[in-house]
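Here is a structure to question term by term. Each answer sets a value against its definition.

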Amino acid sequence: MGEVMYKEIVTKAVIGKGKKTFRDKYELIANDTVDTILGCWVINHTMNGKSENSEVRIDGSFDVNVWYSFDNNTKTAVEARNVGYSEKVKVHMLEDSNLSDDSEILLTALKTPTVIDVNVNGNKVTYEIEKELGIEIIGDTKVKIEVLDNVNAGFDNIDEELTDKEIDEVIDNEVSENYLN
C-alpha cells in the first residue's frame, strides 16, 4: 500500500438549511355588505429568495379568492386579490460557511399558503394565511478526500474461470487415487 495523502476539492454543496412557518393576517374590503363567507382559498403562489445582510429575503405573492353571500344571502360574489409578501429569515449555516451574494437560495413550499381563519364585519373580511417554507443555501465548500499515491492500489486480481475440461484435468493431475490409504 502506498502512503496516504489528502486533497481538497472545492465544490458546491448545501451550506445552510432550515424551515419556518409564517402566519399573517390580511384584510379585504368587499364591494358588498357580506352576510356569510362561503369559501376562501389561495392559488398561484410564487416566491424567490436572495441574500441580504447575512439573512435570506423571501419575496413572494399569491392570489386570494373570497366567496361570500350578500343581500340577505340571496346573491353571491367572489372577490380576488393578489397579495405580496416579503420575509427575512436568519438561516443556520454549517460551520465555517457564510451566506454571500454568490450563494444560491433554493425555496420550497413545505406547506403551501392556506387560509386558517376568516372573519367578517360588514364589508371588511379579515383572513389569516399560514405557510411553511423550506430554505436551502448552496455555496462553495471544501471537501477533503483521502488519495493513495500508488496508482495500482485498490485493484483486486481477477481470477479466470476454469472450463469443465480444465477442471477435469486438475482433478486427474492433482487428486490422488490413494486418498483412502
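Q: What makes E1, E6 and E5 an open sheet of three strands?
A: The three strands have the order E1-E6-E5, with antiparallel pairing. Strands are DSSP runs of at least two residues (E), numbered from the N terminus. Two strands pair if DSSP finds at least two bridges between them. The model is predicted: local features need pLDDT of at least 70, side-chain atom pairs count only at pLDDT 80 or more, and totals for chains, interfaces and linings use all residues. Residues are numbered from 1 along each chain as its sequence is written, and side-chain values use heavy atoms, with hydrogens and water left out.

Q: Why are E1 and E5 called edge strands?
A: Strand E1 (4-29) and strand E5 (104-121) each pair on one side only. The twist of this sheet averages 10 degrees from one strand to the next. Axes for such angles are lines fitted to C-alpha atoms, and the angles run from 0 to 180 degrees between N-to-C directions.

Q: How do you know that E1 and E6 pair?
A: The definition asks for at least two bridges. E1 and strand E6 (residues 124-148) are joined by 25, and they run antiparallel. Lys17, for example, has Glu136 in E6 as its bridge partner.

Q: What is the strand order of the sheet that holds E2, E3 and E4?
A: It is E2-E3-E4, an open sheet of three strands with antiparallel pairing. E2 and strand E4 (75-89) are the edge strands, each pairing on one side only. Here the twist averages 15 degrees from one strand to the next.

Q: What shows that E3 and E4 pair?
A: Strand E3 (residues 55-70) and E4 share 15 bridges in the antiparallel sense. Within this pairing, Asn65 stands opposite Ala80 in E4.

Q: Why does Ser51 count as buried?
A: Buried means under 20% relative accessible area, exposed over 50%, partly exposed in between (1.4 Å probe, protein chains only). Ser51 has 17% relative accessibility, so it is buried. Ser51 lies in strand E2 (residues 34-52). Beyond its neighbours within four places in sequence, Ser51 is in contact (heavy atoms within 4.5 Å) with Leu99, Ser100, Asp101 and Ile105.

Q: Is Trp67 buried or partly exposed?
A: Trp67 has a relative accessible area of 35%, so it is partly exposed. Its place is in strand E3.

Notes. Helices (H or I, at least four residues) and strands (E, at least two) are DSSP runs, numbered from the N terminus.
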